[in-house]
Amino acid sequence: MAEAEPQEENCETSMRKMENCNKDLEKLLEEMEKITVRAAWMTYNIVTIHTNPDLANSMKHLQDAFLRCKEQMGRKWQEVLKE
């Protein structure tokens with residue numbers, strides 16, 4: 001009878017380790033899926049930009065406009081704070 005208890009504990013410990021391992025594997029798989037999706041979108045964006053150079057020019061124009069707007073808003077904000 002005394003021999004049965006250590007075997008049960010070993011079995012329970014092994015089961016817990018397996019459950020923890022499964023949880024860790026699931027988390028890693030989710031992270032891999034997220035990375036794969038990001039990589040797919042990056043690839044799609046690269047292909048899109050290479051096949052349509054006007055898109056890259058439009059994106060650059062939008063980025064420049066955004067940065068000018070952001071700079072102007074920062075200046076206006078500083079003026080408001082000074083008043």
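Is K60 buried, partly exposed or exposed? At 46% relative accessibility, K60 counts as partly exposed; in this scheme buried means under 20% relative accessible area, exposed over 50%, and partly exposed in between, with a 1.4 Å probe and protein chains only. The model is predicted, so local features need pLDDT of at least 70 and side-chain atom pairs count only at pLDDT 80 or more, while totals for chains, interfaces and linings use all residues. Residues are numbered from 1 along each chain as its sequence is written, and side-chain values use heavy atoms, with hydrogens and water left out.

The overall layout comes next. The secondary structure of the protein comes to 2 helices and 0 strands. The radius of gyration is 28 Å, well over the 12 Å that the globule rule gives for 83 residues, so the protein is more spread out than a compact globule. That radius is taken over C-alpha atoms, and the globule rule is 2.2 Å times the number of residues to the power 0.38. Along the principal axes, the C-alpha atoms fill a box of roughly 85 × 50 × 5 Å. Of the 83 residues, 0% count as buried.

Helix α1 covers residues 4-51 and helix α2 covers residues 53-82. Helices (H or I, at least four residues) and strands (E, at least two) are DSSP runs, numbered from the N terminus. The division into domains gives domain 1 (1-51) and domain 2 (53-82), with bounds that come from an automatic or database domain assignment. The centres of domain 1 and domain 2, taken over C-alpha atoms, are separated by 42 Å.

In an unreviewed entry, the UniProt annotation "coiled-coil region" covers residues 11-38. UniProt positions are given in the numbering used here, feature names are shortened, and annotations may be inferred rather than shown by experiment. In the model, the span 11-38 is 100% helix and 0% strand, and its end C-alpha atoms lie 41 Å apart.

A39 is found in helix α1 and is partly exposed, at 37% relative accessibility. The C-alpha atoms of A39 and A56, 17 residues apart along the chain, are separated by 19 Å.

The side-chain contacts can be taken by type, starting with salt bridges. A salt bridge is a side-chain nitrogen of Lys or Arg within 4 Å of a carboxyl oxygen of Asp or Glu, and by this rule the count comes to 4. One of them lies in helix α1, where E12 and R16 are 4 residues apart, about one turn of the helix. The closest N and O atoms of E12 and R16 are 3.8 Å apart. E12 counts as partly exposed at 45% relative accessibility, and R16 counts as partly exposed at 48%.

D64 is partly exposed, with a relative accessible area of 27%. Also in helix α2, E71 and R75 are 4 residues apart, about one turn of the helix. The side chains of E71 and R75 meet in a salt bridge at 2.2 Å, N to O. E71 counts as partly exposed at 45% relative accessibility, and R75 is partly exposed with a relative accessible area of 45%.

Aromatic contacts are next. A search of the whole structure finds 1 aromatic pair. The ring centres of W41 and Y44 are 5.6 Å apart and the planes stand at 85°, so the pair is edge-to-face. Rings of Phe, Tyr and Trp (its six-membered ring) pair if their centres lie within 6.5 Å; planes under 30 degrees apart count as stacked, over 60 as edge-to-face and the rest as tilted. W41 and Y44 both lie in helix α1, 3 residues apart, about one turn of the helix. W41 counts as exposed, at 52% relative accessibility.

Cysteines come last. A disulfide is a pair of cysteine sulfur atoms within 2.5 Å, and the count by this rule comes to 0. C11 is in no disulfide, the nearest cysteine sulfur being that of C21, 16 Å away. C11 counts as partly exposed at 46% relative accessibility, and C21 is partly exposed with a relative accessible area of 40%.
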